[in-house]
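Hello,

Here is the structure I promised to hand over. Please open it next to this message, and read on for what turned up in it.

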Amino acid sequence: MAEPAATLARRLWEAIEPLHAAPYFSPHHRRISLDLGMSGYWMGYFAGRAAPLGAMTAAPVESMFFSFPTRRVARALPEAWACVDPATVLQARLATARLVLTEHLRQVPGRDLEMLASYLEMAVDGCHFAGRPLAAGWSRVLRPDDVAAQLWLAATVLREHRGDGHVIACVHAGLQGIDAVVAHAATGTVTRELMQHNRGWNDEEWESSQRRLRARGLIDVKGRLTKSGGALRRSIEDRTDFLAADPVTALGQTGIETIIAIAAPISRRLFDTGAIPLPNPIGVPRP
């Protein structure tokens, strides 16, 4: 494993994930979903994140998103497409991102924003998308004209590229979607209440997953990671970093450090102003 490249890949994710995630935590997200005729936040979430792939049904979206139960996805899809077509949803996602990020970019010099957008788009151009359906879909979205939406779209492609790789790493480790969520909560960095509520698993499903993980020696009777569980978690994160190293290969250390130098202060501002909570169900730290 290329440890320096993997380390840079993780630092890149920590620097740019908040740029992607901020619109999901904004009240604008729910409002725009309702304006489109959808029933609320989660229908807008599943339809919006899958929109570049077309009018998907629940099963493939559940597979790609990985950490949500069937019923939560099925309540949103394909019903969302009876309200609005994917192309309109996609434009609404870009509009939401533009609206949210613009509020937090005013203090950043325009030259820095243009440089950041350029480097992020070069990083996207350096990615390979085989076996990465969400990233592949977002990579084909026409690049917007304004810099805020450009930043969000490029950050989104890169995070979905990493996310698709994370799903591969979890499946390779023998984890179901809920198992990955339970193992995340078992680290103690986020609570069961936060993760279970956010993802939509019921108590029976959560406890069934705990039994599976205990049988594998990955968590203890208190639901915390064992030494073996911690090692498995680290191996999954290491593999995720390794699979996310395409941008590092494309830009080299200097290019990635340039992105981090500009993006990390913006992302810290998103945390400090409450645009993104800490802790959060994504697991992204304040960079």
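Arg49 is buried, because its relative accessibility is 9% and the cut-off for buried is under 20%. Bear in mind that this is a predicted model. Which partner does the side chain of Arg49 meet in a salt bridge? The partner is Glu160, at 2.8 Å from N to O. This pair links distant parts of the chain. Arg49 sits in helix H3 (residues 41-50), Glu160 sits in helix H10, and 111 residues separate them. Glu160 is buried too, with a relative accessible area of 1%.

Next, a pair with other surroundings. Asp146 and Arg98 form a salt bridge, and their closest N and O atoms are 2.8 Å apart. Asp146 lies in the loop between helix H9 (133-139) and H10, while Arg98 belongs to helix H7 (residues 86-105), so the bridge ties together parts 48 residues apart in sequence. Is Asp146 buried or partly exposed? Asp146 counts as partly exposed, at 24% relative accessibility. Arg98 counts as partly exposed as well, at 30%.

Some salt bridges share partners. Arg10, Glu14, Arg162, Glu237 and Asp241 are joined this way into one network. Take Arg10 and Glu14 from that group. They form a salt bridge whose closest N and O atoms are 4.0 Å apart. Both residues are in helix H1, four residues apart, or about one turn of the helix. Arg10 is partly exposed, with a relative accessible area of 22%. In total, the structure holds 17 salt bridges.

Now the cavities. How many of 30 Å³ or more does a search of the whole structure find? It finds three.

- Ala9, Leu12, Trp13 and Ile16 are among the lining residues.
- Leu158, Arg159, His161 and Arg162 are also among them.
- Ala244 and Pro247 belong to the lining as well.

Helix H1 (3-21) and helix H10 (147-172) each supply at least two residues of this lining. By class, the lining has seven nonpolar residues, one polar residue and two charged residues.

Best wishes

Notes. Residues numbered from 1 in each chain as written. Predicted model: local features only at pLDDT ≥ 70, side-chain atom pairs only at ≥ 80, totals over all residues. Heavy atoms only, no water. 1 Å grid on protein atoms, 1.4 Å probe; cavity = no way out; pocket = protein on both sides within 12 Å on 5 of 7 lines; lining within 4 Å. Points joined across faces, edges and corners; volume = space filled by probe spheres on them. Nonpolar A, V, L, I, M, F, W, Y, C, P; charged D, E, K, R; others polar. Buried < 20%, exposed > 50% of the residue type's maximum accessible area, 1.4 Å probe, protein only.
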